[in-house]
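Take a walk through this model, chain by chain and contact by contact. Keep the structure open as you read.

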Amino acid sequence: MMNYAPKRSDEPIWWGLFGAGGTWFAILTPVTVLLMGILLPLHGLGFIDLSYDKLVNFVSSPVGAVFTVLTLALPMWHAMHRVHHGLHDLQVHIGAVGKYACYVIAAVVTLLAVIWVAMLA
Amino acid sequence: MQNRKPYVRPIARTWYAENNFFSWYMVRELTIVPLIIFTLNLAAGLFALVSGPSAFNAWVAFSSHPLMLIINVLALVGALYHAKTFFSMMPKVMPIKVGDKKVSDGTVVAVQWLLVLVVSAVVLALV
Amino acid sequence: MDKLQTVNVLRYDPAKDEEPYLETFKVPANDTTSVQDALAYIKDHLDKSLSYRWSCRMAICGSCGVMVNNVPKLACKTFLRDYPEGLTLEPLANFAIEKDLVVDKTPFLERLEAIKPYIIGNDRKPEEGPNLQTPAQMAKYKQFAGCINCGLCYAACPQFGLNPEFIGPAALTLARRYNLDSRDHGKAERMKLINGKDGAWGCTFVGYCSEVCPKHVDPAAAVNQSKVESSKDFLIAMLRPQEA
């Protein structure tokens with residue numbers, strides 16, 4: 001017998017953040033990974049300047065501050081939503097506690113990003 | 001009805017490995033693994049910026065470790081694969097209409113890839 | 001020229017068997033032999049105890065869904081010529097087996113009924129004449145109206161397999177089809193089911209339902225559009241909590 005009077009799910013909140021994060025992940029993460037994850041450790045291959053001073057300048061600018069928070073927060077919300085559903089796919093049952101734990105991790109990263117960016121402003 | 005004895009087949013633990021379509025679905029879902037590692041490391045990089053030049057240099061050294069570089073290359077490939085799947089879902093989830101006509105899926109996908117190119121070019125030009 | 005082809009069939013007799021087992025048959029086949037023809041041959045010439053469902057033989061009744069080499073297909077629309085190495089037929093996945101290739105479709109029918117797949121709240125009288133729609137009004141739901149209730153999408157849906165409470169692709173698609181119909185006023189009733197965790201939110205857009213649909217209905221699109229709709233419904237309920 002199926003449930004004919006289900007409770008309203010809170011998924012719209014998490015799916016909304018998942019969608020925003022997925023959009024950022026698709027459009028802005030590739031170039032961010034290229035710069036910060038590949039070129040920076042390779043010292044910009046000698047032609048891109050990603051020095052300490054330049055990055056501090058960027059993060060402390062208004063646009064840079066917003067970009068930095070979003071590039072850390074949004075993909076995390078996207079990822080933790082997929083972790084939550086992916087564990088279900090793998091038949092690992094984490095329950096409501098596990099579900100909220102996933103989103104708490106994303107919230108903590110968001111909060112830390114805001115605090116650290118504010119410390120540089 | 002006395003002879004009814006419906007047989008329920010169990011779902012295999014590895015159901016996603018038994019069908020190519022499901023395997024690619026799992027690859028899509030797994031793109032978040034290198035993404036999470038990259039993002040947490042980037043957050044650590046931000047903390048290093050806050051902490052000062054010597055902390056930042058230590059973070060760059062850590063990020064230059066071959067293992068970290070490999071993970072970041074995987075994150076880049078994963079982001080591009082995610083983009084491919086995400087862009088093709090977009091016109092299905094939110095069909096766009098111009099007048100009475102639905103914009104074709106192919107057009108919506110192409111516009112999104114164009115957006116990636118433009119955004120990436122702008123970011124690279126500003127660095 | 002007919003040549004003998006190998007057809008493996010998953011057998012299960014609830015009166016005798018503890019679990020299903022594969023049985024191999026040799027069936028004469030040519031380029032026109034469908035899986036349904038092969039099953040009819042087995043029943044007529046090799047084993048009259050074989051049970052399977054069929055009716056129209058032209059991909060419109062939705063009765064003959066089976067797994068062909070692990071892919072949900074209509075037996076009438078699938079041909080042995082495409083399986084030169086032989087093929088394995090099993091009852092539709094994610095449903096309980098009644099006997100041989102016959103599954104218990106009760107969960108599927110229950111869901112179709114639950115989402116009220118008919119026009120609701122239209123008090124138009126016959127004297128008022130036909131309820132006209134513009135081509136644009138019809139285009140909104142026409143694709144989603146092509147469903148023949150064959151259940152292949154349920155056999156294709158891992159989320160239905162993993163969570164038997166999930167309302168599933170076809171029922172959610174039919175709900176979307178009526179919600180998009182300008183003659184219908186039953187959306188609020190259907191949204192109650194769609195808004196639940198086993199409604200549209202039970203889906204993770206695997207997309208295989210749309211891949212196997214013999215009528216190209218694209219259930220994945222319908223279900224995920226319903227997530228957008230459910231999100232709007234959620235926001236409105238937040239703004240007007242007394243109506244939530």
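The model is predicted. Start with chain C. It contains nine helices and seven strands. Its C-alpha trace spans about 65 × 40 × 30 Å along the principal axes. The chain has 244 residues, and 46% of them count as buried.

Now turn to chain B and its side towards chain C. Here 18 residues of chain B are in contact with 24 residues of chain C. On the chain B side, the elements giving two or more residues are α1 (20-30) and α4 (66-93). By class, this side of chain B divides into eleven nonpolar, two polar and five charged residues.

Chain B also touches chain A. In this interface, 37 residues of chain B are in contact with 37 residues of chain A. Four helices of chain B each give two or more residues: α2 (32-51), α3 (53-63), α4 and α5 (105-126). Which helix gives the largest share of this side of chain B? It is α2(B), with twelve residues. The side of chain B that touches chain A has 28 nonpolar, seven polar and two charged residues.

An unreviewed UniProt entry annotates residues 30-50, 56-82 and 103-126 of chain B as "transmembrane region".

The axes are 7 Å apart, at an angle of about 155°. Angles over 145 degrees count as roughly antiparallel, and α2(B) is therefore roughly antiparallel to α3(B). From α2(B) come Asn41(B), Ala44(B), Gly45(B), Ala48(B), Leu49(B) and Ser51(B). They meet Ala55(B), Phe56(B), Ala58(B), Trp59(B) and Ser63(B) in α3(B). This contact has seven nonpolar, four polar and no charged residues.

The axes of α2(A) and α4(B) come within 9 Å and cross at roughly 175°. That angle makes α2(A) roughly antiparallel to α4(B). On the α2(A) side, the residues are Thr29(A), Pro30(A), Val33(A), Leu34(A), Gly37(A) and Ile38(A). On the α4(B) side, they are Leu69(B), Asn72(B), Val73(B), Ala75(B), Leu76(B), Ala79(B), Leu80(B) and Ala83(B). By class, the contact divides into eleven nonpolar, three polar and no charged residues.

Follow chain A onwards to Gly44(A). This glycine is in the loop between α2 and α3 (52-60) of chain A. Is Gly44(A) buried, exposed or partly exposed? A residue is buried at 20 or more other C-beta atoms within 10 Å, and exposed at 12 or fewer. Gly44(A) has 14, so it is partly exposed. Leaving aside residues up to four places away in sequence, Gly44(A) touches Leu39(A), Asp49(A) and Leu50(A).

Finish where chain A meets chain C. Helix α1 (residues 11-27) of chain A packs with helix α9 (residues 219-239) of chain C. The angle is about 120°, and the axes are 9 Å apart. The two helices are therefore oblique to each other. Their crossing is left-handed. Pro12(A), Trp15(A) and Gly16(A) in α1(A) meet Lys227(C), Ser230(C), Ser231(C) and Phe234(C) in α9(C). This contact has three nonpolar, three polar and one charged residues.

Conventions: Residues are numbered from 1 along each chain as its sequence is written. Chains are lettered from A and ligands numbered from 1 in the order in which they are written. This is a predicted model: local features need pLDDT of at least 70, side-chain atom pairs count only at pLDDT 80 or more; totals for chains, interfaces and linings use all residues. Axes are lines fitted to C-alpha atoms, for helices over the stretch in contact, and angles run from 0 to 180 degrees between N-to-C directions. Angles under 35 degrees count as roughly parallel, over 145 as roughly antiparallel, 65 to 115 as roughly perpendicular and the rest as oblique. A crossing is left-handed if the near helix is turned anticlockwise from the far one by less than a right angle, and right-handed if clockwise. Two residues are in contact if their C-beta atoms, placed from the backbone, lie within 7 Å. Ala, Val, Leu, Ile, Met, Phe, Trp, Tyr, Cys and Pro count as nonpolar, Asp, Glu, Lys and Arg as charged, and the others, Gly among them, as polar. UniProt positions are given in the numbering used here, feature names are shortened, and annotations may be inferred rather than shown by experiment.
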